[in-house]
Amino acid sequence: MRSTELNAFKNEAIETINRIETENSNLFELKWFPDTASMRFKSDYLNNVRPQVIVLGNDIPAEIIYAVCDNPFYILGGSLGTAHWADELTPRDTDPFSRSSLGWLINPEFDIANDALIVTAVSSDSRRKLISILQKAGRKVAAMDIPPMSATLNNTNYYKDQLITLAEKIGKHTGKHLTGRNLRNAVKKVVRAHRFWHRFQTIAHTASGFISDEAVLLVEQCMYFADSLDEWMIHVSRLIGELDELNRRFMMTQKDQPKVIVLGSPIVFPNYKVPQLIASAGMRIAAVADSLSLEADLAVPGSKRLISSERLLDQIVSDHLWATSSGARVNNEGLYSFFLHLVRELHPDGIVCHILKGQIEYDFELPYIEKTAEEADIPVFRLETDYQYQDVEQLRIRMEAFGEMLTQKIIVKRKVKRSA
Amino acid sequence: MNDYISRQGSAEDRRKARFLNKSSTTAIKYLRKIEDLPHKPDALKPFTDVLKHVFVDMQGAVNPQGVPSVGTYCVMIPPELIYAMGAMPVKLCGGSYTAFNVGDDIAPRDACPLVKAIMGFESIGVMPVYQECQLMAVPITCDCKKKLAGYLAERRNTIALHVPSGRDRDEDMEQYVRELYLFSQKLTEVTDVELSYERLSWACGMTAAAQYELSRFIELRRKYPLAIKGTHYMAAMNAISYTHISLWTRYMHNLCDEIEAKAKRGVMASKENRPRILITGSPIVFPNFKIPLLIEEMGGALVADETCMGERGAYDPPAIVDQSTDGIMRALANKSTRPCTCPTFVDNKRRVYRIMQMLKDYRVQGVIYHVLRGCLVYDYEYQVMEEELGKLGIPIIRIESDYNEEDVEQLRIRIEAFIELIKYGKGSSK
């Protein structure tokens, strides 16, 4: 029974990797990314890896994490196998992200959290309860609170205080303390990584004929999966170069596929069911507007990087408090404005709102998204799913219908344009 | 055709009329059920009258002094502060099936029914108890309340209060103290009353009188767990949400006198051989009284209630050590969070200790763990309770329910079986 579960856990990753490698076999520089992501699903690696700090979710500013820890081990859920391991520890209606994250940390097969300090933000109901489950299981946990509103000075100060306290706790564990120099270096590193993320996104957009959507997602998420952020930047830079070269050498024109923006719950490796469905329905992902992309969109501006470390910290606080993920916020202004920016920039044909079962905060936000989309005459498709694969065929039918509708809309638009 | 022509008013007016009609019908039904339970104390009438006033007569909160009403959505808002600022707190957590049906169309499918009911009430806009509130205070205690605060803020004068997820650090307490100060400023905008030591002290005195009566009642129940039906007690505790505290204190005083007199004469509301049940978990808000009613109809004695509509909200008095405005504010922040057994806190061992204490005090033989569908925080804590009660050999059952009556018969079977299990199994040997 145990080996069956372990195999299912590994197979899920292998299948996704195989698909990505087959679809993108022409990209030589891509190879490092599937290898990096699949590493996390190998017994040898999991039995030997001893991260100092495990970061649950991406709600904590990366600048703070890197200021006090060199190689954080990020856990972003994504795996059905680990979600199964946490079934008995969580209530039925728990969202798959929380289950999967817990399964990574408490399971019968490997123990990556033995020497680690688990770091997380209390951004949702599940998260606050995961903390108590982990503490009960004897894990070391350092958590920080996120005020749900950003408008008041009180909340800003509290958030800053929380960040400093958390950084001190991590620093105590790692021996690397929150100093002005460490913070400045971390900011530099994170800004560089985010810049690479953007450059890659731009090039992937123009070279969409050479790289699949799933591969784009994988490359971006390897920023969290890689053991070293510097290594990720080197490989992304090479991949950007390769895509650029391909773009220049082959003017590959894409047929008019509908472009969609995917927003809502993050789509995390290896569960790439949604991009797979979008591709099979003949659509392309123009951009992803989730908490991972939102985080990557934040970067301390160059002019602010030379200010005092205290003011640098204030800048990080104000940026992140405004843009932190939706579960933590009364109104998710950061996500709305990011979404609006993407709509203005990319002119998508449709919007796929991906909601993981149990993550109702995204569902609460749907009316705002629908209203904005309606004003811009963009159809919205709400896709609710979990990490299971049983619903793939039903979702495929719905997604195909959505794709066909978007294609028809494009044809009609073009005809109108021509006749005008 | 004639019927169609004879319809008066717009479709929206008819919808509102239907809502009021259905809402009051449900309230009447449950009030009747509460009143029909045997051994109803005479002194319970003012409490049921309050519920009737609000949910049947649609008259709004019982507010004899005519001060502005402030809607609150959790026990973490100290009523002392609202009274001190010249307003009256009205706890607006919804239990209405009719409002739930309205809210079902607005809120996401998996949102909890309590929040759906609130959104339903807000959207239909006909319940005076909701409409007359000049300010809504929403402490952010769960994901649904978080989003509810955003929803209400678009429609009403609303303030959201950040409740820290930890409560043991001084910094967390400071944060809540600051939130309460911001809340007091908002209250000043509504009432024109400034925060002062005198007013806070006066309000604390008023709530202390209520707490005294409540503690007297709790003491009586400890001595005589079967002296009053649990459903009657829950109705009395629900009434505090919609009554001025000075009135409620008077009603509670009379209830205590009657219970005490009856208990001294040996007159009990339930027989000694009835399995004694404690209910805990998601709040039970009038008119959603199906579970307490089922417990008592099926032969159980509901002796204790560890929900936030029970004594949790009024049980702990503020411990004022510093006789100043700031001292009282700190005491209020402390009493609202530190002893609170709400699962919003990461570390909630206090709830286990509290329940253990109640098991002992009320000689409980079985625990019913109530989970409203979608109320994830309580669901997470079920496992802990199951483990702890397993060690004591006290049976526990998890009952998941929604705001409708469709599951009543299934719940009846489960509750009946649970009570029988206690009666003829383990419980009877105790």
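Helix H7 (125–136) of chain A and, from chain B, helices H16 (349–361) and H17 (376–392) each supply at least two residues of the lining of the second largest pocket in this predicted model. Helices here are DSSP runs of H or I with at least four residues, numbered from the N terminus. A pocket is an open set of points on a 1 Å grid over the protein atoms alone, where a 1.4 Å probe fits, with protein on both sides within 12 Å along at least five of seven lines; lining residues have an atom within 4 Å of a point.

H17(B) gives the largest share of this lining, seven residues. In total 22 residues line the pocket, and A:Ser132, A:Ile133, A:Lys136, B:Lys349 and B:Val384 lie nearest its centre.

B:Asn348 sits in the loop between helix H15 (325–337) and H16 of chain B. B:Asn348 is buried, at a relative accessible area of 8% (buried means under 20%, with a 1.4 Å probe and protein chains only). Among the residues B:Asn348 touches are A:Lys129, B:Arg167 and B:Glu381, leaving aside residues up to four places away in sequence; contact means heavy atoms within 4.5 Å.

The largest nonpolar core has 160 residues, with B:Tyr73, B:Phe183 and B:Ile368 making the most contacts inside it. Such a core is a set of buried Ala, Val, Leu, Ile, Met, Phe, Trp, Tyr and Cys residues joined through side-chain atoms within 4.5 Å. Apart from this core lies another of 124 residues, including A:Ala62 and A:Leu277.

Residues are numbered from 1 along each chain as its sequence is written, and chains are lettered from A in the order in which they are written. Local features need pLDDT of at least 70, side-chain atom pairs count only at pLDDT 80 or more, and totals for chains, interfaces and linings use all residues, while side-chain values use heavy atoms, without hydrogens and water.

Terms used
Buried means under 20% relative accessible area, exposed over 50%, partly exposed in between (1.4 Å probe, protein chains only).
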